[in-house]
Amino acid sequence: MSGDYILGTENLKAYYETRHGYVKAVDNISFLVKSNEIFGICGESGCGKSTLMKVLYGIIEPPLKFISGQISINIDGKEISIQNTNVNEIKKLWWKDISYIPQSSMSVLNPTRKIEDQFIDIFKKWHKKISRRKIRKLIRKNFDALGLPREALSSYPHQLSGGMRQRIVISMATIHNPKIVYADEPTTALDVVVQRGILEVIKELQKKLNNTFVIVTHDMGIHYQLSHRIMVMYAGKICEIGETDDIFQNSAHPYTALLIESLPRLGDKSERKSIEGSPPSLLDPPKGCRFHTRCPYATQECAEKEPPLTEIWHDHYVACFHPLKTK
Amino acid sequence: MKASVRYIISRIVSYIITVWIGLTICFILPRFVPIDPITVILSRVTAMGAYMDPETYQKMRETLLHIFGLEGSFQEQYFSFLSKAITGDFGISITVFPSKVNDLIARALPWTILLLATTTLISWIFGNIIGLLAGYYRDRKISKALQFFAISVYPIPYYVMALIFVFIFCYLFRIFPLLGSKGIGFEVSLSFEFISSVIYHSFLPALTLFVINLGWWILSMRALTINISEEDYVKFAEIKGLDKRIILNKYIFRNALLPQITQLTMALSTIFSGAILTEFIFSYPGLGQLLWMAVSSSDIYLLMGITSLSVIAVSTAALVIDLIYPLLDPRIRYEAKQI
Amino acid sequence: MRKIKKRLASALRNFTFLLMSDVKLLIGTTVFVVLVVLGFIFPHFSPYNPKRWNQVPRDIPPCWKYPLGTTSLGQDLFWLLTFALQNSLILGITVATISTFVGVLLGLLAGYKGGYLDRALTFLSDIFIAIPSFPILVMLAALFLGRIHILMLAAVLCLFNWPWPAKQVRSMILSLRERTFIETASFSGFGTIEIILKEVIPLISPWIFANFINTVLVAIGAEAGLATIGVSSLEEATLGTMIYWALRYQAMFRGHWWWISVPVVTIVILFIALFLIYMSFSEMFSIGGYKK
């Protein structure tokens, strides 16, 4: 992995073990994430994006199983390679070089502890004897950057609004300057106005910290505002990877195109089309290209062979036998 | 009005009403009885051979009626009963006439409180700690063994457990005396003999209460811990890689204690009832033995006194716990302050 | 008729499936069934009348002729036990049926209608939960000089036991009301009673059943406790009165361990079995539906 990249996977497979068989949520995924960028992963619910992020961070609890493949993390020049034999190596990086913002941010704060104390718990991990005053100073700078009032420190979670709680979670996840921050649906359950604020906060933070954010959300609109590069997933497989503007203007995969078309646009009063059909079961996925059953351009080849992920032009990859655009 | 003030007032109101209804039940039930206590006492006097002329008999009757609060109409009796009960005067015992019911209860009550308070507190504390560990490490063998222990112990009624202990420790292995604690004299002192005698005689009843209560707290805390371990904030704490001890202590235990306190309040009347019956089996000089004495001699006023006191005692303990609870739950204590 | 048969058949199938997947339930149900058979079928074959004394030689330890021994009153312990089981079980099940039914009904009403009804019910049930029932039961039974009729005892036990299911059903209803499928049903025009019968009750039935089992346990325990002190209906054979008579005749003191052990061990086995059943049913519900 060359110096520009901070995270990468190679033929990553992670399945859920159920009594009916394996649910192939992450099926042979290979991609690279650069340092100093916001990398967005999108797709319908159930496409495996949340599972992918959990595996990348190292939260692998039964019934989830790391079947095969490799995750490579490039921290401070050192490359750490994770396979299914040494998953616990990632845990050593938790809340030092990498951090994770879980999906249900509303309820991730301990209801019976003050916010300040919850921060102290984090600091106690690295510095056993740090004083409260020092912690408060460090947090205050972070809070000011995030637009959080100082009184929030001495309150309990239930006294704060949803947007504030989300910002506190972001603060907790970024206060130690991690190199990679994983965020799973960081704005669900927030109203649009608050959502906008959170997105701005994340953008500013990333610029200041000069690190990498990996954002998972099904909302293409958020990716448009936030992400520098986007990866589109479908039924456990990658469809397309590319820079945001490139993806939106020159989408090559039929699925991506349909996803973008379903977004409402100012001024465009035409009917929004939804994609016919529903995502396939990951227990028994269809042969060949996973999308072929719903794809308007599918051919016999698509039903039999799985399209490989190929670079069709600079920094734009697509897994399709009949991409919509070629250069 | 602040929510906390509203809560306190409503709790106190329901406390007063509960006690009132309990006392009313105590008052009404004996009125259904075909026994006339006055006749009982008077017949005891005459049975001793003393002769009373009709005038003296009548005067005695009136005095007794007055002492037992049986004169006047139903409502008058009711109000006098209530007002006396509030001040703690439960009248006079029939069996040990003319001892006051209060004195009898006052002698027995401290023993019961001692037994109840120590076993309840210790079993609650230990049970919660053990349950916490058993719940967090739920797949380990010892956790399953503890669950097995708790399941086999908790459903057994207190008196059955008492009988089992009597069988094992008094019959099979003669460690403890078979027939109660006549050894506890009433000269309360701080002498070593007295204290060791107390411990010797209280050991089995305490063990009975302790073991069964422990079983319940272990079981409920274990289940609660398992549930809380799945909560988002515990998962997030684990994701942060926080020290396991901190997670157990400050994230799980703190949040599990609150429902456990509520549970304690609801279990109080059961624990109390069980304690009384256990005391009876072990002839422990507490309310249980007093109750037995009242039952065997049909001493209605003693019965009324004990029952009324039980209602007041349990309700008061529950009230105290309920009033402390809001101070411990930040969601209630700091409800108004929104930022 | 066919519909009911069909429902029973599928319920039975579900139950058997559950039995296989949960050890606790399996053990509990097996033991309970054994005890029920002992209590309801065996008494018909008893050569002795449980209320009569001096029917067999006294104080004989367990042997082939008298498998559990005999009492100081000249009764065969084994056959006495079968009658005691029957009476205790009948008492427990009757009290449990009535108080669970009343409790569930009131809980449903309070949870669904809300308002004054709800507040009144909560108030009432809190009071009955807070008042210690045992001293009051003792007082009541003692007032009847130990000749209290078993029905009266059952009635008072019902009075003290309806609040528990009522409270639980009410809180379940309150949380279920929020769930969309009930709203949907209501919007599709189903009447309230239909919604309750078809949607709500099947969902909370494991809990109702768990409560039922628990009340059986509590009722039998309460009666036996009262009997131990001597304030139950002492001529009837119940598990509690067996203990009473054994204590009264100093069975342990005189070395007749079998007399006191039989009711004690039976109670322990019965209660643990009931509790296992209770636990597996209430676990079923706390995972919000059915266990995998």
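In the predicted model, 25 residues of chain A are in contact with 19 residues of chain B (contact: C-beta atoms, placed from the backbone, within 7 Å). On the chain A side, helix 3 (residues 115-126) gives the most, with three residues. Helices (H or I, at least four residues) and strands (E, at least two) are DSSP runs, numbered from the N terminus. The residues of chain A that touch chain B divide into 13 nonpolar, seven polar and five charged. Here Ala, Val, Leu, Ile, Met, Phe, Trp, Tyr, Cys and Pro count as nonpolar, Asp, Glu, Lys and Arg as charged, and the others, Gly among them, as polar. Residues are numbered from 1 along each chain as its sequence is written; chains are lettered from A, and ligands numbered from 1, in the order in which they are written. Because the model is predicted, local features need pLDDT of at least 70 and side-chain atom pairs count only at pLDDT 80 or more, while totals for chains, interfaces and linings use all residues.

Chain B also meets chain C. There, 43 residues of chain B are in contact with 38 residues of chain C. Six helices of chain B each supply at least two residues to this side: helix 1 (3-28), helix 6 (141-153), helix 7 (158-172), helix 10 (244-281), helix 11 (287-296) and helix 12 (300-328). Helix 12 of chain B gives the most, with eight residues. The side of chain B that touches chain C has 33 nonpolar, 10 polar and no charged residues.

Within chain B, domain 1 covers 1-94 + 299-339 and domain 2 covers 101-296 (bounds from an automatic or database domain assignment). Their contact takes 22 residues from domain 1 of chain B and 15 residues from domain 2 of chain B. On the domain 1 side, 13 residues are nonpolar, five polar and four charged.

Chain A holds an open sheet of four strands in the order 2-1-4-5, with antiparallel pairing (strands pair if DSSP finds at least two bridges between them). Strand 2 (21-34) and strand 5 (78-82) of chain A stand at the edges; each has a single partner strand, so one side of each is left without a neighbour in the sheet. The twist averages 5° from one strand to the next (axes are lines fitted to C-alpha atoms, for helices over the stretch in contact; angles run from 0 to 180 degrees between N-to-C directions). Strand 1 (residues 5-18) of chain A pairs with strand 2 of chain A over 10 antiparallel bridges. In this pair, A:Thr9 stands opposite A:Phe31. Helix 1 (residues 49-57) of chain A packs on the sheet and touches strand 1, strand 2 and strand 4 (64-75) of chain A. Its direction makes about 65° with that of strand 2 of chain A.

Further pairings in chain A are parallel. Strand 6 (residues 98-101) joins strand 7 over four parallel bridges, with A:Ile101 opposite A:Ala183. Five bridges link strand 7 (residues 180-184) to strand 8, again parallel; A:Ile180 faces A:Thr212. Strand 3 (residues 38-42) runs parallel to strand 8 and is joined to it by four bridges, where A:Gly40 has A:Ile215 as its bridge partner. Strand 7, helix 6 (residues 192-209) and strand 8 of chain A make a right-handed β-α-β unit (right-handed: with the strands pointing away from the viewer, the path from the first strand over the helix to the second runs clockwise).

Strand 8 (residues 212-216) of chain A is mostly covered, with five of its five residues buried (20 or more other C-beta atoms within 10 Å of the residue's own, placed from the backbone; exposed is 12 or fewer, partly exposed in between). A:Thr212, A:Val214 and A:Val216 lie on one side, A:Phe213 and A:Ile215 on the other. Strand 6 of chain A is likewise covered on both faces: A:Ile98 and A:Tyr100 are buried on one side, A:Ser99 and A:Ile101 on the other.

Methods:
Two residues are in contact if their C-beta atoms, placed from the backbone, lie within 7 Å.
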